[in-house]
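Here is a short briefing for a reader new to this structure. Look over the sequence and the model first, then read the points below by topic.

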Amino acid sequence: MTLSDNIRHGKNAVKYVKSLKILASNKLQDRLKAAGGVQNVINSGGRDDTALMGVGQTRSAGVRARTTGNLRGTAEYTKKTKYGNCWEQAITAFVYLHEKGVRPLDLVAFDNDAGGYDHVWVVIGLDQNWERQNLRSWGVNAVWCDPWQGDGMVFAVDDLVKGKVRN
């Protein structure tokens with residue numbers, strides 16, 4: 001597939017995930033929505049973990065193995081509960097794209113133990129000779145597809161390398 005095909009597929013996947021109205025426990029606006037609004041949080045003494053509990057339940061029900069069947073189960077449970085952080089939203093996008101026949105398709109994770117930050121997203125069109133630490137090796141058709149970040153982000157990895165976009 002071409003770069004423009006991969007971007008189109010990525011945008012469709014983000015649009016699909018966003019249409020599910022999945023709430024993330026690590027986004028303030030989603031935590032407020034899950035609680036039923038800021039007034040409910042104020043009335044509860046300033047703490048409401050509805051979204052956090054929802055994500056916890058989703059992760060408990062989903063199997064975190066990397067087989068498509070297990071990913072499908074996690075995606076289905078995420079759609080049902082309407083809760084999920086980057087992991088669950090990326091899986092939902094991955095399953096959507098996989099079922100549409102989009103290939104190559106990869107879940108990619110970043111983990112920084114020292115900084116306590118981790119993130120998961122989908123890459124469409126990743127070159128078979130890619131090197132994890134070298135974005136330039138990901139290929140000219142590689143597209144970053146991230147339904148969790150902001151309002152969803154889709155861009156050519158090459159544009160990230162060239163500084164045309166930021167994630």
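A disulfide is a pair of cysteine sulfur atoms within 2.5 Å. By that rule, this predicted model holds zero disulfides. The protein has seven helices and four strands.

**Overall build**

- Of the 167 residues in the protein, 41% are buried.
- The accessible surface comes to about 9,100 Å². Carbon and sulfur atoms hold 49% of that surface.
- Among contacts with a separation of 6 or more, 47% join residues 24 or more positions apart.

**Cysteines**

- The disulfide count is zero.
- Cys 86 has a relative accessible area of 7%, so it is buried, given that buried means under 20%.
- Cys 145 is also buried, at 0% relative accessibility.

**Aromatic pairs**

- How many aromatic pairs does the structure hold? The count is four.
- One of them joins Tyr 16 and Tyr 96. Their rings are stacked, at 4.6 Å centre to centre and 15° between the planes.
- Tyr 16 sits in helix 1 (residues 3-19) and Tyr 96 in helix 6 (residues 86-99), so this pair ties together parts that are 80 residues apart in sequence.
- Is Tyr 96 buried or exposed? Tyr 96 counts as buried, because its relative accessibility is 18% and the limit for buried is under 20%.
- Trp 144 and Phe 155 form a pair with ring centres 5.4 Å apart and planes at 20°, so their rings are stacked.
- That pair links distant parts of the chain. Trp 144 belongs to strand 3 (residues 143-146) and Phe 155 to strand 4 (residues 153-156), 11 residues apart.
- Trp 144 is buried, with a relative accessible area of 5%. Phe 155 is buried too, with a relative accessible area of 5%.
- Ring pairs join Trp 144 and Phe 155 with Trp 121 in a cluster.

**Salt bridges**

- The count comes to four salt bridges. Three of them are described here, starting with helix 1.
- Asp 5 and Arg 8 meet through their side chains, at 3.1 Å from N to O. The two are three residues apart in helix 1, so about one helical turn separates them.
- Both partners are partly exposed: Asp 5 has a relative accessible area of 24%, and Arg 8 has one of 42%.
- Which residue forms a salt bridge with Glu 76? The partner is Lys 79, at 2.9 Å from N to O.
- Glu 76 and Lys 79 lie in helix 5 (residues 68-81). They are three residues apart, so about one helical turn separates them.
- Glu 76 counts as partly exposed at 42% relative accessibility. Lys 79 counts as partly exposed at 21%.
- The side chains of Asp 158 and Lys 162 form another salt bridge, at 3.0 Å from N to O.
- Asp 158 is partly exposed, with a relative accessible area of 29%. Lys 162 counts as exposed, because its relative accessibility is 53% and exposed means over 50%.

Technical notes: Residues numbered from 1 in each chain as written. Predicted model: local features only at pLDDT ≥ 70, side-chain atom pairs only at ≥ 80, totals over all residues. Heavy atoms only, no water. Buried < 20%, exposed > 50% of the residue type's maximum accessible area, 1.4 Å probe, protein only. Contact = heavy atoms within 4.5 Å. Areas by Shrake-Rupley, 256 points an atom, 1.4 Å probe, with all protein chains shown as cover. Phe/Tyr/Trp six-rings, centres within 6.5 Å; stacked < 30°, edge-to-face > 60°.
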